[in-house]
Amino acid sequence: MKKLSKILVITCAILGVMTSCHKEPEMSLTDETQAAIIEQYVNHTIAPTYTNLANYTDQLVKDLKALKADRTQANMDKVCATFLTARAWWEKSEAFLFGAASDFGIDPHIDSWPLDVSAFNTMMTNTAQIEAMDAEDGDEYAGEKLGNSLLGFHGIEYILFSNGAVKNVAELTDLQMIYAIAVAGDLRNRCFQLEVSWIGDKAAAAHVAKVEELELNSTVNGGDYSYGENLCKAGKLGSTYISTVAGLMAIVDGCKTIADEVGTSKIGKPYNGEDPDYIESPYSQKSIEDFYNNIISIENAYFGGIEGERAENLSLHEYVKTMDANLDTKVVAAINNAKAKIKAMPVPFVQNYTNSANGDAIIACQALDDILSEVNTALRNY
């Protein structure tokens, strides 16, 4: 029995050493792995984000038309809920404004602020413009004639919200409804363009047909590739990305751009007194939600997908962790810190934009931008 016990002890000791030495296999830092991360990013971060954005802006037009036909507060509340959901998906897309959003001028077209209220009031007295917007192709007229300061989310927001609350439906005029439907139609068209530009014929057939009907650009440099195909083919003949590393760096650059914009411009311009009127979403008073969702867009890009479609084993997070675990820890901490500091900002931002807590959020966003620069340096040099 004693001899058997010794054998068991020795066997258990060996097994213990083997177990303690076992590690999960690290990610392979190859071109194939980089390509898989890019494909995951396109298919599970960009594609679902833009598809949801396209669907909810389409629903917004339908809900506005239903409100015009039946002016009830319930219908008004439904319109506003749809608007805020669409708005959230747009803000969660801002880590990838490179590509179609910038190449086709979609970002400033649908998301310029502040609204030019003086021009809006003048427009409301222009009978010819109102009649043009009330026509069947009013969405096209709005998109071509009104200008960015009267278009997009913030024009619609101005009609629907006041002082952070949904307006009473009785406040809406017939002229405002005509304007809102036309501008929402243009917003929908441009969001269809974003979706089709990135995922091509994987988008809903009706969305593809609308983009084709309006003859909106939807490929890279007018060629054969969608923006998603172009990025997924990084390093291959025909792609504008010379390597898969260049593709990964483009993803990080998109994250850097919005981290900087949130800190420097969206929070910084009003906070620092550079432009007190430069306040996003002032009528719904959802500025801080906008900022927070911008950081979520970075998180989704870094962690390998939107919530519910995430695959961290095919993410920048896992790649950077394998390359430099300390650097990845810093990135994750910086994302979480930016989210926390934005959450700590006093609401509404439009009434508290000089509060010192906003300065902390600016610093957190700058720190996130800085650490993402280190990621790109590491990717370039590894």
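Which residue forms a salt bridge with Asp-111, and how far apart are the closest N and O atoms? In this structure, which is a predicted model, the partner of Asp-111 is Arg-87, and the closest N and O atoms of the two are 2.8 Å apart. Asp-111 sits in the loop between helix 5 (106–110) and helix 6 (117–123), while Arg-87 belongs to helix 3 (residues 73–91), so this pair ties together parts that are 24 residues apart in sequence.

Let me turn to how accessible these two residues are. Asp-111 has a relative accessible area of 5% and is buried, and Arg-87, at 3% relative accessibility, counts as buried too.

Arg-87 also meets another side chain, that of Glu-280, in a salt bridge with an N to O distance of 2.7 Å. Because Glu-280 lies in the loop between helix 13 (244–271) and helix 14 (287–303), and Arg-87 in helix 3, this pair ties together parts that are 193 residues apart in sequence. Glu-280 is buried, as is Arg-87.

A further salt bridge joins the side chains of Lys-266 and Glu-94, at 3.1 Å from N to O. Here Lys-266 is in helix 13 and Glu-94 is in the loop between helix 3 and helix 4 (100–103), so parts that are 172 residues apart in sequence are tied together by the pair. Lys-266 and Glu-94 are both buried.

Now let me put the pairs together. The residues I have named belong to a network of salt bridges, which links Arg-87, Glu-91, Glu-94, Asp-111, Lys-266, Glu-280 and Asp-290. For the structure, the count comes to 19 salt bridges.

How values were computed: Residues numbered from 1 in each chain as written. Predicted model: local features only at pLDDT ≥ 70, side-chain atom pairs only at ≥ 80, totals over all residues. Heavy atoms only, no water. Salt bridge = Lys/Arg side-chain N within 4 Å of Asp/Glu carboxyl O. Helix = DSSP H or I, 4+ residues; strand = E, 2+ residues; numbered from the N terminus. Buried < 20%, exposed > 50% of the residue type's maximum accessible area, 1.4 Å probe, protein only.
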